[in-house]
Each structure stands twice: as structure tokens, then as C-alpha cells.
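Subject: Structure handover

Hello,

Here is the structure we talked about. Please open it next to this email; my notes follow below.

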Amino acid sequence: MKVTLSWLREFAPDIDGDPVALGEILSALGLAVEEIEIIGDVVEGVVLARVLDLRPHPDADKIQLVDVDDGNGTPLQVCCGAFNMAVGDLIPFATIGTVMPNGMEIAQRELRGQRSNGMCCSGAEIGFGEDAEGILVLNDRVIEGAELGMALGDALGIENDVLWDLEVNANRPDAMSVAGVARDLSAALGVPFSFPVHETNRSDESVTDLLDVEIVDPTLCGRFVATVLRNVTVSQSPAWMQNRLIQLGMRPINSVVDISNYVMLELGQPNHTFDLATVPNGRLQVRRAAEGETLVTLDDAERTLSSVDGVITDETDTVVSLAGVMGGASTEISESTTDVLLEMAWWDPPSISRTVKRLNLPSEASTRFRRGCDWGDNIDRAMARFIQLAEEQGMVAVTGQVDVPGDVPDRTPVRVRPAKVNGLLGTALSADDMAGHLTSIGFGAEIVDGDLDVTIPTWRWDTATETDIAEEVARMFGYANIVRTVPKGEAAGGLTEYQQARRLVREVLAGAGCDETLPMPFLAPGDLQNAGLPEDGVTLTNPLHAEESVLRTSLLPGQLKAIAYNQSHREPGTRLFEIDHVYRPAAEGELLPDEREYLAVALAGEEAPAAVAVLDLLERALALPNVRLQSDRAPGLHPTRTAEVVIAGRPRGYVGEVDPTVLENYGVEGRVAWIELDLGELLNGPLGSRKYTPVSKFPSSDIDLAFEVPDDVAASAVELSLRKGGGALLQTVELFDVYRGDGVAEGSRSLAYRLRFQATDRTLTDAEVAEARQSCIDQAAKKANAALRG
């Protein structure tokens with residue numbers, strides 16, 4: 001968006017200061033200044049000239065000879081490569097000795113034997129826009145009384161001015177106009193801002209007799225305003241208007257189009273003009289397009305529309321305009337146009353955005369509609385401004401305007417908490433301070449019980465929340481005025497308690513000689529059945545391979561495949577572990593599978609006690625509370641060598657051996673000790689506190705005890721009773737033998753334990769060891785029904 005100082009002053013006359021300083025203020029307001037340019041200094045030596053004669057160059061097809069009158073009374077011959085001039089045209093002419101903006105000095109030269117005494121200039125060559133396709137023709141742009149040979153700036157009535165090229169982000173639709181920029185800048189400078197009042201004279205003819213507008217889809221159009229202009233003559237617009245359009249980067253076209261663009265740039269309200277003669281009975285409808293409906297737009301391209309596009313139709317329901325994007329060719333203003341239907345509307349920004357993206361039709365108007373225009377008083381203001389400019393060119397507006405309402409955004413006040421705003425910004429502003437900043441740019445702000453009820457103006461469609469309003473407070477307070485502070489918070493990069501515990505599990509298992517594996521989570525059909533597990537895995541609809549189409553419900557299949565692979569490569573005694581996710585069937589009413597993180601340990605060639613020993617390591621490392629093993633059955637595991645792991649009264653998994661049938665299915669030889677735990681529940685559940693004791697420097701005493709224990713009593717129950725009996729002196733309990741046979745009653749087994757007693761402060765006496773031994777025997781008999789063998 002480009003703005004000039006003189007145009008800003010039409011809304012805030014007291015704006016003044018150094019252009020660079022004003023640019024810094026604009027940047028601080030969020031309107032980053034990309035370039036500052038002092039305009040009006042036309043290249044010295046460029047004068048107003050008239051074309052006297054045009055003739056071909058005798059030796060060059062792409063050059064013609066032009067005779068020009070630069071006011072000195074003597075025709076000058078110029079060699080020129082442009083062919084858009086006609087005899088009598090007024091053009092900018094660079095005289096000999098002129099230094100052009102690109103550094104080139106104009107001198108008398110010969111081109112193919114013909115002398116050239118100067119240069120006919122395009123607009124781009126002298127800083128009048130970017131059009132370099134032909135010579136700039138000035139017939140209708142010079143001021144009254146301009147003479148040949150007059151300096152070009154004087155002939156065009158151009159005065160020195162300052163131009164800022166601003167970067168306007170998508171969340172600032174209000175700044176897409178000169179008035180919007182002036183509002184912000186005047187608030188920052190503390191100078192008055194107001195809209196000029198433009199008086200208009202209307203004819204006695206009533207608009208209600210000429211126009212009839214209906215909004216079929218009120219979600220598409222929030223407001224539609226229209227009127228009629230009579231006595232329209234399509235010609236060139238005044239020089240001052242053309243100059244301003246060029247300064248802001250727009251090409252003058254004709255009187256009607258230039259007024260339309262001028263009003264859009266000045267007030268931010270796009271508008272559209274129809275040739276009234278092409279709109280039967282002045283009747284228009286606003287609706288969504290039918291799927292496949294077509295429209296030939298102003299660029300003569302046929303567009304196929306969809307149901308998301310907004311359109312304007314005539315009395316016959318024929319599409320005549322693509323709402324908010326581009327008009328139709330059938331109602332285009334032409335040189336024969338005498339009556340114009342002028343329309344200004346507020347279009348739903350998301351609807352316009354979808355159409356622009358789908359059809360790739362960006363424009364200045366659609367950009368403003370996409371970001372959100374003003375649906376309030378600015379439409380009436382823009383309508384009056386258009387009519388006033390049209391009257392200056394001889395057009396006459398009828399009385400009144402059609403004003404049809406649709407759905408507009410909610411303007412319920414937003415409750416803003418000053419403490420919240422200060423917390424976001426790092427400021428200490430009072431509610432009164434915030435209210436002052438907001439009202440300076442048109443927001444309504446009322447203090448209620450220490451908070452603010454903020455009414456958002458109609459030109460700020462982008463603002464809807466407390467955070468949005470905090471941004472406006474920050475802009476007007478000044479980002480540079482916010483004291484810089486280093487945010488204080490928790491140390492970045494730390495691990496959560498869960499992550500720390502999971503890392504500890506990995507360290508413990510690695511210390512136990514286990515290698516971590518990471519099999520794929522996908523299984524082949526039949527893998528679950530081979531593992532003795534229910535075939536209720538989630539099946540993928542688009543697997544990469546058919547043999548990887550089922551999500552695993554257990555880590556068992558992957559570990560058995562890894563063991564089988566290692567055994568086939570002569571690595572029989574592998575000790576593996578895996579921490580990864582399993583995917584149980586979705587619970588009733590749920591869409592996604594029940595995804596959990598599990599831990600599995602597989603010890604090839606080892607029996608259940610080895611797995612229990614690893615579980616003991618985890619128990620001590622994690623301080624797991626009240627760990628019990630109770631005999632149970634589990635799918636895929638040995639029916640008599642499996643126990644459920646219960647921690648703090650809650651089942652967390654299984655420990656034992658893999659079922660021999662399952663091992664055979666996977667081609668695994670020997671036994672495999674197995675642990676599978678729900679790691680997520682385990683680590684998120686209650687954990688005890690780790691107790692650290694010094695390493696004793698005194699000798700220990702080992703005692704072996706063998707008990708006859710009923711088969712229905714778990715070895716873990718015996719171990720618990722021994723630990724209770726041994727108390728603080730009992731350091732370790734190791735089950736080293738299990739026996740069934742002669743000397744042991746039917747339905748029982750012999751469990752042999754090695755107990756180590758040690759004190760941290762003394763050498764134990766034989767009496768103390770004997771007492772501790774007897775206490776262990778008594779507790780085993782009492783708690784586990786275990787009888788000491790002779």
C-alpha cells in the first residue's frame with residue numbers, strides 16, 4: 001500500500017515532520033515502510049512537447065522519425081522506437097543535456113544515418129509509473145494554461161510530495177486505504193483526525209423507481225448499496241486524479257474507472273459500476289453460483305463457477321458479476337455508456353478468498369474484500385465521495401440509494417482484562433490507559449468493574465478476541481516502549497519424570513546384558529495366531545505390503561522373530577528387550593485403537609526364574625511398591641510357568657516363559673523367559689521412594705534353606721515371607737533350585753533359597769545369624785505354608 005503525505009493531510013492536516021521520522025512511526029505501528037520517495041521532482045530538462053510529424057526511418061523498420069515542437073519554434077527530429085503516438089499528441093520530451101534517472105545523458109546522436117535531437121519518454125523512464133511499453137501521452141493530463149517547452153512538473157501541476165510504500169499484513173484490512181493509515185498515524189502523533197464532508201447535489205429522480213436488489217444468500221453479502229448516475233460521459237479523468245493514481249501505482253483508464261479506483265484507495269471501499277442499460281429493469285440478485293454455471297469476465301475469459309462462488313445476477317437470473325472479484329463483460333462500461341449503476345457492498349471474506357484462490361483472480365478489490373472491508377458508515381461515505389467526484393465531471397446522481405442488509409459480524413462488546421493484557425505484553429498499563437489507546441483508533445471502550453468492554457469498529461473484521469485487542473494496545477502504546485525482559489521459566493530441554501524413568505529402564509536392562517530391538521509394528525496375517533494371541537488386531541486398509549497389514553497387539557511376535565533370526569545365525573543365547581507401542585482394538589464408542597507403550601524382555605535359552613531376576617532388578621531400580629507374582633494363565637505363555645505381575649494391587653503384565661507350541665510355530669529352539677509389562681501404566685502409577693544404604697564393610701553370612709511348598713503357593717510368596725522374617729539384616733534372597741520327586745509330597749515342590757545376612761555397623765555373631773535364620777523359617781511356615789526340609 002502506497003500513501004502520500006498530501007493525501008494523508010486531507011484527513012489529518014496537522015501531520016507533519018521529517019519523512020524518515022514519520023516512516024519510523026508508521027513502522028512502529030505495524031505498517032513497515034519498505035521505501036520512502038520524494039516525488040514531484042520531475043527530471044530537470046524534461047519538457048512538454050507536441051508531436052508534429054511521424055514518418056518511417058528509411059533504414060530501420062523498428063524505428064520511426066518524429067518531429068516534435070519543444071516550444072522553441074523549431075521542429076526537432078527524434079529517432080523513436082515507440083509507435084503509440086499520433087500527430088498532435090502532447091508528450092514528455094528530454095532535451096539535449098538532460099541526465100535521466102538511470103544516469104544516461106541525452107545527447108545528439110545518429111541512428112542509421114538519421115540525427116536524433118533528444119528523446120521522447122515513457123512513463124517509466126521519468127518516474128511516472130512502471131509503464132515502459134510506449135511513450136507517455138499527456139493530452140488530457142496537462143493543466144489549463146500549460147505551454148510547450150514548460151517544465152513537465154509545472155505542465156502537469158505536480159507538486160513536491162512524500163510517498164511511503166508500506167507493507168500491510170493480512171490482519172490490517174483498515175490500513176488498505178489512505179484514510180486508514182491517516183487514522184493510525186494521527187493517533188500516534190496525537191493530532192486530530194476526521195473525514196472530509198463532501199456535499200452532493202441529487203436529481204429529483206428516485207432510485208427506488210430504477211433499482212430493485214434482493215440478497216438471496218445473506219451469509220454471502222452483509223450489505224448491498226446501489227444508486228444510479230446519469231449523464232455519464234466516458235472520457236479522461238482530471239490530471240490531478242491521474243497523478244495521484246499513478247503515484248500510488250495504478251494506471252489511469254477513464255473517468256469512471258479512475259473515480260472507482262480513487263475512492264477505493266482513499267477510503268478502502270471497492271466498488272463496481274454496471275452499464276445500467278445492460279441490466280434489465282435495474283433488478284439485481286445476490287446468490288451463490290450453481291455448480292457449472294459460467295460467466296465471461298471483464299478480461300474476456302469464460303469462468304466456470306462452483307457453488308462456493310458468490311455472484312450477482314440480473315432479472316433473468318443470468319450471472320452478470322463475480323461478487324467481490326470481477327465484473328462481467330456483458331455489463332461493462334463502454335464509450336456509449338450514459339447511465340451507470342453504482343454498487344458498493346460488504347462481502348463475506350472467506351467466500352471471496354475461496355473464489356480468488358480457486359480461479360486465481362487476485363486484484364486490488366478482492367484483496368480488500370478478502371481481508372475484510374467496513375460494513376458500516378464507510379460504505380455511505382464512499383458512495384458520497386464517488387458521487388461528488390462524478391459530479392465534478394458532469395455526472396448527476398439520482399436521489400437516494402438502495403440499501404439491502406444481510407448478515408454482518410457480531411458486534412457484542414469483548415470483555416478485556418487489563419491484567420491479562422499486561423501479562424501478554426509485559427506492561428503495567430491501567431484500564432484508562434488502554435481505553436485511551438483503543439479509542440484513539442476508533443474502538444469503543446467502557447470500563448466495567450475494572451475491566452474493559454471493548455466494541456470493535458466495523459472496519460476491523462480481523463479483530464475478535466481479547467488477544468487481538470491486546471495487539472492493538474501494544475501498537476498504540478508502542479512496541480519500542482515495552483521494556484525488554486528475559487522470560488523466566490523452567491529450564492528448557494529437561495526430561496519429564498516419565499521420560500527419566502523410561503531412560504532408567506533402558507539403562508537397567510542394558511546393564512543386565514539385554515540388547516534393545518525395534519521391530520516394525522506391523523504383522524502378517526496369522527502372526528497373532530502363531531503367537532497364541534487373539535486375532536483381533538487392527539487391519540490396515542492401505543498397507544505397503546500384505547505381510548505388514550495388521551497392527552500388533554503384543555510385542556511377543558516381533559521378539560520371537562528376532563530370536564529365531566539370531567538362532568539361525570548361530571547366536572542362541574540372545575537377551576533382548578523392546579519399549580514400543582501396541583495397538584489394542586478400539587474401546588466401544590471410540591474411533592482410534594487403544595494405543596499403549598509396553599516393555600518386553602525375551603531371554604533366549606533361559607527359564608522363568610531368569611525373567612523374575614530381571615523383574616527384581618527393575619523393581620529395585622524403580623522402587624516399585626508391593627510387587628507380587630500370582631500364578632495365572634496368559635495367551636501365548638507357558639500354562640504352568642507364568643505369573644501375573646501385580647504392583648500396588650494393580651495388574652501390570654506377566655512374567656514367565658513362552659509356550660513351547662508358540663516357540664515351535666516361530667522356529668525357536670529351547671526355552672524363552674519372558675516379561676511383558678504395560679510400561680505406561682507402570683511408570684504413571686504409584687512409585688515408591690528409593691532408599692540408599694551404605695555399602696557394608698563387614699563380612700556377610702550365607703545360609704541355604706530348602707522348603708517343601710504346596711504347588712498352589714507362589715515362590716514369590718515364600719520370598720516375601722523370608723524377607724519379612726530376615727528384616728534389615730537380610731540383604732539378598734536367591735531361589736537357586738526347584739525340585740519335584742522323591743522325598744517331596746505329591747502336589748508340592750522343593751524350593752531352595754540362599755539367604756545373605758549382613759549388618760552395616762558390625763560383624764554379626766553366630767547367635768544373631770541363628771536368630772535371623774529361625775525368624776525366616778517361622779515366617780515362611782506362617783505366611784506361605786512352607787515346611788523346612790531336613
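A word on burial before anything else: a residue is buried under 20% relative accessible area, exposed over 50%, and partly exposed in between, with a 1.4 Å probe and protein chains only. By that scale Gly-129 is partly exposed, at 32% relative accessibility.

Some ground rules. This is a predicted model, where local features need pLDDT of at least 70, side-chain atom pairs count only at pLDDT 80 or more, and totals for chains, interfaces and linings use all residues. Residues are numbered from 1 along each chain as its sequence is written, and side-chain values use heavy atoms, leaving out hydrogens and water.

The whole chain

The protein chain has 20 helices and 39 strands. These are DSSP runs numbered from the N terminus: helices are H or I with at least four residues, strands are E with at least two. The radius of gyration is 44 Å, well over the 28 Å that the globule rule gives for 790 residues, so the chain is more spread out than a compact globule. That radius is taken over C-alpha atoms, and the rule is 2.2 Å times the number of residues to the power 0.38. Along the principal axes, the C-alpha atoms fill a box of roughly 140 × 65 × 60 Å.

Of the 790 residues, 48% count as buried. The accessible surface is about 37700 Å², and 48% of that surface belongs to carbon and sulfur atoms. Areas come from the Shrake-Rupley method with a 1.4 Å probe; for residues, only the protein chains shown count as cover. Contact means heavy atoms within 4.5 Å. Among contacts between residues at least 6 apart in sequence, 68% join residues at least 24 apart.

Charges: there are 66 positive and 123 negative, and their mean positions are 11 Å apart. Lys and Arg count as positive, Asp and Glu as negative; His and the chain ends are not counted. Each charge is placed at NZ of Lys, CZ of Arg, CG of Asp or CD of Glu.

5 strands make an open antiparallel sheet in the order 5-4-3-6-9. Strand 5 (76–80) and strand 9 (119–120) are at the edges with a single partner strand each, so one side of each has no neighbour in the sheet. Two strands pair if DSSP finds at least two bridges between them. Strand 3 (residues 46–57) and strand 6 (residues 90–94) pair over 5 bridges, antiparallel. Leu-48 has Pro-92 in strand 6 as its bridge partner.

Val-43 sits in the loop between strand 2 (32–39) and strand 3. Val-43 is buried, at 12% relative accessible area. Leaving aside residues up to four places away in sequence, Val-43 touches Thr-98, Val-99, Met-100, Pro-101 and Ile-126.

Gly-129 is in the loop between strand 9 and helix 3 (152–156).

Gly-134 is buried, at 14% relative accessibility. Its contacts, not counting residues up to four places away in sequence, are Ala-82, Asn-84, Ser-122 and Gly-123.

Helix 5 (residues 239–247) is mostly covered, with 8 of its 9 residues buried. Among the buried ones are Leu-245 and Ile-246. Just after helix 5, Gly-249 has a positive phi of about 90°.

Strand 33 (residues 637–647) has 8 of its 11 residues buried, so it is largely enclosed by the rest of the structure. Strand 32 (residues 627–631) joins strand 33 through 5 bridges, antiparallel. Val-627 stands opposite Ile-647. The two strands form a hairpin with 5 residues between them, and Gly-636 in the turn has a positive phi of about 85°.

Strand 34 (residues 650–658) pairs with strand 33 over 7 bridges, again antiparallel. Ala-643 has Val-655 in strand 34 as its bridge partner. This hairpin has 2 residues between the strands, and Ala-648 takes a positive phi near 55°.

Best wishes
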